[in-house]
Amino acid sequence: MYQTFWKRLFDLLIGLIGLPFFLLAWLVFGPIIRFTDGGSVFYNANRIGKDGKLFKMYKFRTMRMNAPDIRNADGSTYNGVDDPRVTKIGRFLRATSIDEWPQVLNILNGTMSLIGPRPDPPDDMDVYTEEQKGKLKVKPGLTGYNQAYYRNSVEQNEKFEHDLFYAQHISFALDVKIFFKTIATVLFREHVYNDASAPDEAEWKKMER
């Protein structure tokens, strides 16, 4: 009952409450992002949704336009404190998680939930084990168990296992714990970066072009 009705109702309520904050952030940061390099304000990425269906996930753009896609050794997206692809305003948006606020639109249109596994890029479908695909039985979330407790501090396979744990134990009580832990993690800027598998010299040169 919670997952099929109440969770969606809560998502709609939170989405409507969060919509004015997103619009305010758009008005404040949108021009700054645009004037930084003349590029688009939003980064709209294909992501894997519930039941493996692809959808467009909305974010404020934090990297230079047409920045190369750099991956860690474990296949996860590189996210380091010294990443030269990230703009100055992008660093602030990432550290405060404001870059994720446009996903309130995904929550309202039903492609995402407030809480759930963070959505992965399409090519990760080939990386999941059969058991890990069980994470796709629930909607991806703006935040989730891994995002709240570990954020970017763990490698990709461990993140998938955390996502699977959430999908197998979803409940109102767990969602409440994740919600408040997320607030603490964002306020104290915990686990923002993952430098465990930094790119080699050749990859750095690609990023600096």
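Predicted model: local features only at pLDDT ≥ 70, side-chain atom pairs only at ≥ 80, totals over all residues.
1. Overall architecture. The protein chain contains seven helices and four strands, arranged from the N terminus as α-β-β-α-α-β-β-α-α-α-α. Of its 209 residues, 45% are buried. Among contacts between residues at least 6 apart in sequence, 72% join residues at least 24 apart.

2. A salt bridge across the chain. The structure holds twelve salt bridges. One of them pairs Asp120 with Lys159, whose closest N and O atoms are 2.7 Å apart. This pair links distant parts of the chain: Asp120 lies in the loop between strand E3 (113-115) and strand E4 (141-143), and Lys159 lies in helix H5, 39 residues apart. Both Asp120 and Lys159 are buried.

3. Asp163, like Lys159, is buried. Elsewhere, salt bridges with shared partners join Lys59, Asp99, Glu100 and Arg118 into one network.

4. Glu130 and Lys133 form a salt bridge, their closest N and O atoms being 3.1 Å apart. Glu130 is exposed, at 64% relative accessible area, whereas Lys133 is partly exposed, at 30%.

5. Negative surface patch. Glu131, Glu155, Glu158 and Glu161 form a negative surface patch. Glu161 is located in helix H5 (residues 156-169) and is partly exposed, with a relative accessible area of 34%.

Notes
Residues numbered from 1 in each chain as written. Heavy atoms only, no water. Patch = residues over 30% accessible without salt bridge, like charges linked within 9 Å, V, L, I, M, F, W, Y side chains within 5 Å. Areas by Shrake-Rupley, 256 points an atom, 1.4 Å probe, with all protein chains shown as cover. Salt bridge = Lys/Arg side-chain N within 4 Å of Asp/Glu carboxyl O. Lys, Arg positive; Asp, Glu negative; His and termini not counted. Charge placed at Lys NZ, Arg CZ, Asp CG, Glu CD. Helix = DSSP H or I, 4+ residues; strand = E, 2+ residues; numbered from the N terminus. Buried < 20%, exposed > 50% of the residue type's maximum accessible area, 1.4 Å probe, protein only. Contact = heavy atoms within 4.5 Å.
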